[in-house]
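Trainee: I have a structure to read. Where do I start?

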Amino acid sequence: MQLGDFVSKGNAKNYRSYLSLLADVARVPLFHIQGNHDRSAPNGPADKDLYRAVFGDGDYAFERGGWRFVAFDTADYAVTDAQLDWLDSALAGDKPTLLFLHIPPLYLKGRIKSVVPAEEDAGEKAMSGYFEGGSERFREILSRRRPKRVYMGHIHAFGTAEVDGIKYVLTAGGGSPLYPLPPGYPGYRRTHYLWVEAGGGALTETVHELGGRSFPVSW
């Protein structure tokens, strides 16, 4: 699952370059989440025509191995009532569910903690970059539907949060330069990816750094 911003700006040249790379190297199914940079303009008014032409709608769901996977488009820094109606339905059912989105909801501001190995002292620091419109209803739906995990991108770092008993993982350090400034971003700023194993209703999550070090996510 690629959590968005696979290009710096959503134009045809960047999309062609990215798709050419995938054609050369991708050997497993790769699913995309709509990021704000994948629109025609990273910030402000923008369309999603290219993304939809290549990948389809930004809100979609599928099932595999007894789990349900739900992708939700937060790239406009807000979500609509129609989207939230769809999300409520998509999260229904008795299968364990994983939810994926790009921009985190506003109620997580100040609650995401940097998680690093014990020898590093990152502390708890606030981050920025959230969607506000629809965030409270989004929270109500999640608290009622109880997804197993929510995976998020957008903020170029790694961290976790637990709100209303729902566990959130920020993992957005896979490509673009990480955030060294301004002060207040999480201490853990290393290029990484997150490897998740799902089985028997349980999850095991491991952070893998570019340099080869790895460590488990501890709750």
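Mentor: Start with pairing: two strands pair if DSSP finds at least two bridges between them. Helices (H or I, at least four residues) and strands (E, at least two) are DSSP runs, numbered from the N terminus. This is a predicted model, where local features need pLDDT of at least 70, side-chain atom pairs count only at pLDDT 80 or more, and totals for chains, interfaces and linings use all residues. Residues are numbered from 1 along each chain as its sequence is written, and side-chain values use heavy atoms, with hydrogens and water left out.

Trainee: In which sense do strand 7 and strand 8 pair?

Mentor: Strands of a sheet pair through backbone hydrogen bonds, either parallel or antiparallel. Here strand 7 pairs with strand 8 (residues 202-209) in the antiparallel sense, over eight bridges. Trp195 is opposite Thr206 in strand 8.

Trainee: What is the strand order in the open sheet of three strands?

Mentor: The order is 7-8-9, and the pairing is antiparallel. Strand 7 (192-199) and strand 9 (214-216) are at the edges with a single partner strand each, so one side of each has no neighbour in the sheet.

Trainee: Is Leu142 buried or exposed?

Mentor: Leu142 counts as buried, because its relative accessibility is 0%. Leu142 lies in helix 4 (residues 135-145).

Note on methods:
Buried < 20%, exposed > 50% of the residue type's maximum accessible area, 1.4 Å probe, protein only.
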